[in-house]
Amino acid sequence: MLLICALVLLVGVAAVRISTRSGLPTLLIYLGIGVAIGTDGIGVTFNDAELTQILGYTALVVILAEGGLGTKWSEIKPALPTAAVLSTVGVAVSVGVTAAAGHYVVGLDWRQALIIGAVVSSTDAAAVFSVLRTVPLPKRLTGVLEAESGFNDAPVVILVVAFSSQGHMDSWYTLIGEIALELAIGAVVGLAIGWLGAFGLRHVALPASGLYPIAVVAIAVIAYAGGSLAHGSGFLAVYLASLLLGNARLPHWPATRGFAEGLGWLAQIGMFVLLGLLVTPHELGDDVLPALAVGLVLTVVARPVSVLLSTAPFRLPWREKALLSWAGLRGAVPIVLATIPMVSNVPDSRRIFNIVFVLVIVYTLVQGPTLPWLATRLRLEEPEPADLGIESAPLERLRGHLLSVSIPQASKMHGVEVGELRLPTGAAVTLVVRDGTSFVPLPSTMLRRGDELLVVATDPVRDAAERRLRSVGRGGKLAGWLGTGAS
């Protein structure tokens, strides 16, 4: 069994390269691996929906944590109001329109139609984060999509659980109250644990750099558990806690980011392969047409209507609304949520799972590869960022920090002399790496695009040094004197 798992993992890693060259979404490749191993392939029988749900939730926690750690607060902050409305009002509109299609077009009863509407109304964090790595969208759109995919899992899970419960369903106003309460509790718990975790890691020097990534992931998992134990949304808690941790300028951040990204890929591979194992391909034939019908309504009616209504107060340009309408990517999350009615023994729950599975496969093939093309056609390309990349590692014995600063092509630090940086006392540029060659700079050394600087700063002036570096990067040598480049 260990050998099979290791081989599947290696094939999954190789599939990333295949996906990059072919343009085929990795989701489909991983699901294909699971199907190939399953009952209609090699013959491995797996039908434990409850275990799939548990492992799927676990993988989703890791994926949300990785997404939160990689999200820049400066990009997501302006998008929060739009994303919040999309994740609540937008979800409600999408559920209603899609459920109506399931009932009147496909012939499902209202409970089954509402379950399908709720399941497929969640954009998939793994799919969105993966696509945004390769599509250079404007920061506002990137922030909206990232925040929406991180936020909307929480209300959707609450709806699916409510619709799948046995007996009489709660009234709509009761559901709204429950969703609001759980989101509020999850937000408070996530922000509190994220702040405490960041504070601790910034003030406690661990004996090995490899401990920082482990501690960060552990804090994210604690946020999920704390939110759930407090009867709030654990998914919202883990995303917000990770968002705080990812923007706290923690020590050894490159190692932490790489570790989290590796865990995220592992979670995706394991979750998708497991879902591929759970499906029985020869049973999907009768559900292809219903899935296409529901997916068509979701893609060309429900999602655009939800975007138009949710963004109406924010006056977004029509091009951005068009891209948001097409960028409602689905992935493994809807398939994982489709196991909830199976575990709850909802009638025809297997059919619900099959419809969702086919819908995700077909529309992932349609939407994912065409999103970069649409962004280009709508002229929504984003120029290269001009902000500096600053990484920090603690120097415990010196009670200071070593800052690694990268100067991008568009930075206004180009042409500034080292002495003109005017760093605070206790901070100094100790080394410049240029074109693969390193040298100790003089005050008259002129900095260039592409340079990497090593700056040593003591604890009391570290934050001031970072603010000054970012200020010069945005406003040039006169930043501060002319009121430009504020951090």
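A helix axis here is a line fitted to C-alpha atoms, over the stretch in contact, and the angle between two axes runs from 0 to 180 degrees between their N-to-C directions. Keep that in mind as you look around this predicted model.

Start with helix α5 (residues 80-106) and helix α6 (residues 110-119): their axes come within 8 Å and cross at roughly 135°. The crossing itself is right-handed. If you want to find the meeting place, look on the α5 side for Val95, Thr98, Ala99, Ala100, Gly102, His103 and Tyr104. Their partners in α6 are Trp110, Ala113, Leu114, Gly117 and Ala118.

**Another crossing pair**

Now move along to helix α14 (residues 288-311) and helix α18 (residues 349-377), whose axes come within 8 Å and cross at roughly 55°. That angle makes α14 and α18 oblique to each other, and their crossing is right-handed. On α14, the residues making the contact include Val288, Pro290, Ala291, Leu292 and Val294, along with Gly295, Leu296, Leu298 and Thr299. On α18, look for Arg351, Ile355, Val358, Leu359, Val362, Tyr363 and Gln367.

Which residues between α17 and α18 are worth a click? Asn345 sits in the loop between α17 (339-343) and α18, and Asp348 has its place in the loop between α17 and α18 too. Asn345 has a positive phi although it is not a glycine. Asp348 also has a positive phi and is a residue other than glycine. Here are the two side by side:

| Residue | Phi | Relative accessibility | Class |
|---|---|---|---|
| Asn345 | about 60° | 60% | exposed |
| Asp348 | near 60° | 48% | partly exposed |

Why do the classes in the last column differ? Exposed means over 50% relative accessible area, so Asn345, at 60%, counts as exposed. Asp348, at 48%, is therefore partly exposed.

Val456 lies in strand β5 (residues 452-458). Is Val456 exposed, partly exposed or buried? Its relative accessibility is 27%, so Val456 counts as partly exposed. Val456 and Leu403 are 53 residues apart in sequence, but their C-alpha atoms are 6.2 Å apart in space.

**Helix α19**

Helix α19 (residues 462-475) has 14 residues. From its first C-alpha to its last, α19 reaches 20 Å, close to the 20 Å expected at 1.5 Å a residue. Several of its residues are buried: Arg462, Ala465, Glu466, Arg468, Leu469, Arg470, Ser471, Val472 and Gly473. After α19 comes Gly476, which has a positive phi near 85°.

**Stepping back**

How many helices and strands does the chain have? There are 19 helices and five strands. The chain has 487 residues, and buried ones make up 50% of them. Take the contacts in the chain with a separation of 6 or more: residues 24 or more positions apart account for 77% of them.

Technical notes. Residues numbered from 1 in each chain as written. Predicted model: local features only at pLDDT ≥ 70, side-chain atom pairs only at ≥ 80, totals over all residues. Heavy atoms only, no water. Helix = DSSP H or I, 4+ residues; strand = E, 2+ residues; numbered from the N terminus. Expected span 1.5 Å × (residues − 1). Buried < 20%, exposed > 50% of the residue type's maximum accessible area, 1.4 Å probe, protein only. Contact = heavy atoms within 4.5 Å. Parallel < 35°, antiparallel > 145°, perpendicular 65-115°, else oblique. Left-handed = near helix turned anticlockwise from the far one by under 90°.
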